[in-house]
Amino acid sequence: DFAEVWTKYPTSDKVPAAMHNGGVAFARMGQNDKAVELFEKLVAQCPSDPFAKGAQEKLAQIKGK
C-alpha cells in the first residue's frame, strides 16, 4: 500500500515515488480527485524531486491542459 509508505515513514526517500505511484493508481481507477490531491501534495512537499516533475505532467493531463 503506497499510503503506508508516506504515513509510517514520512522522512523516507521513498515517499515521493510512493506518492507519485499512488496518484497514478488513483488516476487509472478513475479517481481523479484523489490523484490530483496526491500529485499536488507531492509537488508542494518535494518540489525538487524528479517525481514532482512527473506529478506536474500528470496534473496537466488530468486537468486537460
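Biologist: How close do the axes of H2 and H4 come, and at what angle do they cross?

Modeller: In this predicted model, the axes of H2 and H4 come within 9 Å and cross at roughly 20°.

Biologist: Why are H2 and H4 called roughly parallel to each other?

Modeller: Angles under 35 degrees count as roughly parallel. The crossing of H2 and H4 is roughly 20°, and therefore the two helices are roughly parallel. Their crossing is left-handed.

Biologist: Which residues make that contact between H2 and H4?

Modeller: From H2 come Pro16, Ala17, His20, Val24 and Ala27, and from H4 come Phe51, Gly54, Ala55, Lys58 and Ile62. By class, the contact of H2 with H4 has 7 nonpolar, 2 polar and 1 charged residues.

Biologist: Let's turn to the next pair. What makes H2 roughly antiparallel to H3?

Modeller: Helix H2 covers residues 15-28 and helix H3 covers residues 32-45; their axes come within 7 Å and cross at roughly 160°. Angles over 145 degrees count as roughly antiparallel, so H2 is roughly antiparallel to H3. The crossing of H2 and H3 is left-handed too, as it is for H2 and H4.

Biologist: Which residues of H2 and H3 make the contact?

Modeller: H2 brings Pro16, Met19, His20, Gly22, Gly23, Val24, Phe26 and Ala27, while H3 brings Asn32, Lys34, Ala35, Leu38, Phe39, Lys41, Leu42 and Gln45. Sorted by class, there are 9 nonpolar, 5 polar and 2 charged residues in the contact of H2 with H3.

Biologist: And where does H3 meet H4, and how do their axes cross?

Modeller: The axes of H3 and H4 come within 9 Å and cross at roughly 145°, and the crossing is left-handed. On the H3 side are Asn32, Ala35, Val36, Phe39, Glu40, Leu42 and Val43; on the H4 side are Phe51, Ala52, Ala55, Gln56, Lys58, Leu59, Ile62 and Lys63. The contact of H3 with H4 divides into 10 nonpolar, 2 polar and 3 charged residues.

Biologist: Now a single residue. How do you know whether histidine 20 is buried or exposed?

Modeller: Histidine 20 sits in helix H2. Buried means under 20% relative accessible area. The relative accessible area of histidine 20 is 12%, so histidine 20 is buried.

Biologist: What does histidine 20 touch?

Modeller: Leaving out residues up to four places away in sequence, histidine 20 touches Phe39, Leu42, Phe51, Gly54, Ala55 and Lys58.

Biologist: Why does glutamine 45 count as partly exposed?

Modeller: Glutamine 45 lies in helix H3. Buried means under 20% and exposed over 50%, with partly exposed in between. At 49% relative accessibility, glutamine 45 is therefore partly exposed. Between the C-alpha atoms of glutamine 45 and proline 16 the distance is 8.7 Å, and 29 residues separate them in sequence.

Biologist: How many residues are in the largest nonpolar core, and which have the most contacts inside it?

Modeller: The largest nonpolar core has 15 residues, and those with the most contacts inside it are Trp6, Met19, Phe39, Leu42, Val43, Ala55 and Leu59. The elements giving two or more residues to this core are H2, H3 and helix H4 (50-63). H3 gives the largest share of this core, 6 residues.

Notes
Residues numbered from 1 in each chain as written. Predicted model: local features only at pLDDT ≥ 70, side-chain atom pairs only at ≥ 80, totals over all residues. Heavy atoms only, no water. Axes fitted to C-alpha atoms, helices over the stretch in contact; angles between N-to-C directions. Helix = DSSP H or I, 4+ residues; strand = E, 2+ residues; numbered from the N terminus. Parallel < 35°, antiparallel > 145°, perpendicular 65-115°, else oblique. Left-handed = near helix turned anticlockwise from the far one by under 90°. Contact = heavy atoms within 4.5 Å. Nonpolar A, V, L, I, M, F, W, Y, C, P; charged D, E, K, R; others polar. Buried < 20%, exposed > 50% of the residue type's maximum accessible area, 1.4 Å probe, protein only. Core = buried A, V, L, I, M, F, W, Y, C linked by side-chain atoms within 4.5 Å.
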